[in-house]
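Hello,

Here is the structure I promised to hand over. Have a look first, and my notes follow below.

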Amino acid sequence: MQEPELHDLSDDADYAASLQQGSASMMITRSDSGRSTSSSVPEGSEIVYSKDNVTIHPSQYASERISGRLKLIKQGSSLFMTWIPLKGQSTNARLSERDRNLYTIRAVSFTDVRSIRRRTPTFGWQYIIVVLSSGIALPQLYFYNGGVKEFLATIKQHIFIVRSLEDANVFLVNDFQNPLQKTLSSLELPVYIASGPSASVSDGGESSSYELQERIGGSIHDEIHRPSQNPGRQKHKSHDPARDLTIHVLEKFSLVTKFARDTSSQLFRESNSNGYGAIERKSSSQTPPDVPHKPSTDAEIVPEPVPSDPLEFNKMTLVWGKPRQPPLGSEEWATFLDSEGRVMDAKAFKTRIFYGGVEHTIRREVWPFLLGYHAYDSTYAEREYLKSTKKSAYETVRQQWQSISTEQAKRFTKFRERKGLIDKDVVRTDRALPFYDGDDNPNVNILRDILLTYSFYNFDLGYCQGMSDLLSPILFVMEDESESFWCFVALMERLGPNFNRDQNGMHSQLFALSKLVELLDSPLHNYFKQNDCLNYFFCFRWVLIQFKREFEYKKTMRLWEVLWTHYLSEHLHLYVCVAILKRYRNKIIGEHMDFDTLLKFTNELSGHIDLDAILRDAEALCICAGENGAARIPPGTPPSLPIESENALLYAQDDEVL
């Protein structure tokens with residue numbers, strides 16, 4: 001991988017000008033001794049930059065934006081960044097104090113920052129994205145009244161920061177030793193390998209960082225009350241919206257393992273300083289019998305004891321995880337309906353499906369209810385009328401792309417690109433299934449037509465790899481083009497954010513997953529933290545397409561209908577992730593898996609996971625976590641529907657032209 005060229009900012013006209021006018025925006029109050037007099041900064045520290053009306057957008061709705069104060073604080077040779085929501089500044093009174101505290105950023109040391117991306121949309125406000133060394137990004141910070149240039153210029157005065165020529169809007173922080181880290185930073189690619197402790201963070205620096213966090217954390221009550229159960233420094237809800245990386249992650253995820261392995265080899269050839277990963281680990285004696293396993297070739301390594309599971313997993317499932325029941329059949333299904341076809345007790349209906357699933361013969365009737373396409377209080381007649389009107393609406397949207405002539409297509413780049421992607425994906429989606437098998441299979445053509453129509457129906461989102469995986473079972477069940485389309489639309493109302501170019505949906509779920517693991521298995525969380533695995537990208541495929549490739553087709557449909565009930569939690573899929581990780585925690589920790597090995601291991605779990613056992617465990621974990629678990633999942637995290645608000649204003653997910 002070629003290293004990006006860098007240049008210093010000292011000759012940058014923008015920054016030279018900003019240095020001269022930056023003081024007007026910084027609002028720094030100093031005493032005669034030169035120290036800041038702000039009560040929110042401990043003695044010996046100095047506020048070098050402060051900006052009000054810097055705002056976080058938790059969701060697409062203007063009513064949920066949270067305004068705050070951004071500060072840069074200097075303590076000794078260390079520089080820290082804080083963002084504190086200003087009390088009473090949220091435009092939505094329904095947002096609780098806890099919701100605002102979810103996004104509070106307390107004393108992030110720049111020794112822990114990898115890069116800063118500046119974005120200047122054609123319409124809207126300039127914003128920045130701060131990416132940490134772990135690969136996780138802080139929430140996007142929107143500067144309503146300007147100040148980004150001054151912010152970056154102030155940082156440059158106190159720490160080493162350079163701009164990458166590969167992307168003039170990416171600024172690399174403290175990036176002067178590790179060439180591999182330099183390349184990954186310019187790409188805004190999460191780091192997939194553990195390269196040891198950062199050379200730029202000393203023991204003293206870490207102590208200073210911790211001390212400042214504690215001292216600042218105890219003195220910000222003039223701006224917002226500190227939550228009693230959330231002393232963390234920040235809430236990560238978004239990530240760098242780099243188009244090329246997003247497409248690479250979503251469409252070429254299978255290449256990540258090879259990339260990480262090749263890059264690791266290159267790093268270890270260049271330096272033998274840490275010796276990490278050079279020795280093949282000895283296998284754990286507690287390897288699950290259903291997972292492929294290679295014997296160790298190194299007999300000298302004695303495996304370290306694996307920390308015990310704090311929840312005593314097997315005992316917990318006996319207490320809370322109820323046995324699975326037979327699937328809901330047609331006769332029992334009829335008992336849930338009144339004479340006109342209404343579902344009389346939706347809660348009991350969903351509970352029954354949660355514990356047993358649905359027989360395939362009635363999925364065509366049941367799935368539209370679970371997906372929200374049909375209302376539970378709708379009648380037979382109303383559903384037939386809806387089917388008729390929706391079919392006409394579908395044909396209208398489909399005609400939009402079918403009417404595009406060859407000459408028009410030559411001048412319609414976005415259409416050609418999306419059609420090309422869809423054509424490639426549908427011919428390799430579930431072709432082993434008889435329903436999609438064979439040349440010129442009409443069902444494959446219908447799959448393509450529905451995806452093309454959806455790319456016109458939701459032109460902003462368009463098409464990304466993985467959508468065909470979500471549509472395939474729906475078409476298999478519904479066996480009707482129009483009905484399949486509208487069921488898919490209903491599903492994408494919840495899962496669409498998984499495919500946003502800025503990856504907000506995926507990163508909010510992966511961050512929530514990390515907080516749940518921290519709550520439910522702190523030793524495993526600490527292991528991931530020590531091995532630079534806190535981005536949880538090894539669970540990316542699980543979350544993106546809802547375990548579609550982890551189970552055989554029939555089991556996937558059963559899992560999906562269980563998840564769609566939203567019984568216990570809308571985010572049960574995250575507890576399923578935790579349950580799987582806990583099932584294999586002894587192997588993961590015992591074999592000292594780094595990210596590359598862990599990614600390979602989770603991919604190879606496909607076809608080896610006991611669905612019934614995992615569902616029981618996920619139920620137990622969800623009940624055990626209770627409100628503490630729910631509080632660790634940010635509002636609006638998929639598959640939650642966006643919080644409805646009157647006169648809510650949408651803003652574009654990306655400022656680039658489609």
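**What I found**

In α23, the residues L572, H573, L574, Y575, V576, C577, V578, A579, I580, L581 and K582 are buried. Buried here means under 20% relative accessible area, while exposed means over 50% and partly exposed is in between (1.4 Å probe, protein chains only). Helices (H or I, at least four residues) and strands (E, at least two) are DSSP runs, numbered from the N terminus.

Before going on, a word on the source: this is a predicted model, in which local features need pLDDT of at least 70 and side-chain atom pairs count only at pLDDT 80 or more, while totals for chains, interfaces and linings use all residues. Residues are numbered from 1 along each chain as its sequence is written, and side-chain values use heavy atoms, with hydrogens and water left out.

Back to α23, which covers residues 572–583. Eleven of its twelve residues are buried, so α23 is largely enclosed by the rest of the structure. The expected span is 1.5 Å times one less than the number of residues in the helix.

Of its 658 residues, 54% are buried. Among contacts with a separation of 6 or more, 73% join residues 24 or more positions apart; contact means heavy atoms within 4.5 Å.

Helix α22 (residues 553–564) is another one to look at. Nine of its twelve residues are buried, so α22 too is largely enclosed by the rest of the structure. The buried ones are Y553, T556, M557, L559, W560, E561, V562, L563 and W564. They pack against several helices, including α17, α18 and α23. Just after α22, H566 takes a positive phi of about 55°.

How do α17 and α22 meet? Their axes come within 11 Å and cross at roughly 95°, and the two helices are therefore roughly perpendicular to each other. Axes are lines fitted to C-alpha atoms, for helices over the stretch in contact, and angles run from 0 to 180 degrees between N-to-C directions. Angles under 35 degrees count as roughly parallel, over 145 as roughly antiparallel, 65 to 115 as roughly perpendicular and the rest as oblique. On the α17 side, D469, L470, S472, P473, F476 and V477 meet Y553, M557 and W560 of α22. By class, that contact has seven nonpolar, one polar and one charged residues. Ala, Val, Leu, Ile, Met, Phe, Trp, Tyr, Cys and Pro count as nonpolar, Asp, Glu, Lys and Arg as charged, and the others, Gly among them, as polar.

Helix α17 (residues 467–478) also packs with α18 (residues 481–495), at an angle of about 140° and with the axes 9 Å apart. That makes α17 oblique to α18. The residues in contact include L470, L471 and I474 of α17 and C487, F488 and L491 of α18. This contact divides into eleven nonpolar, one polar and one charged residues.

Lastly, two single residues. I73, in strand β3 (residues 66–75), is buried, with a relative accessible area of 1%. D437 lies in the loop between α15 and α16 and counts as partly exposed at 49% relative accessibility.
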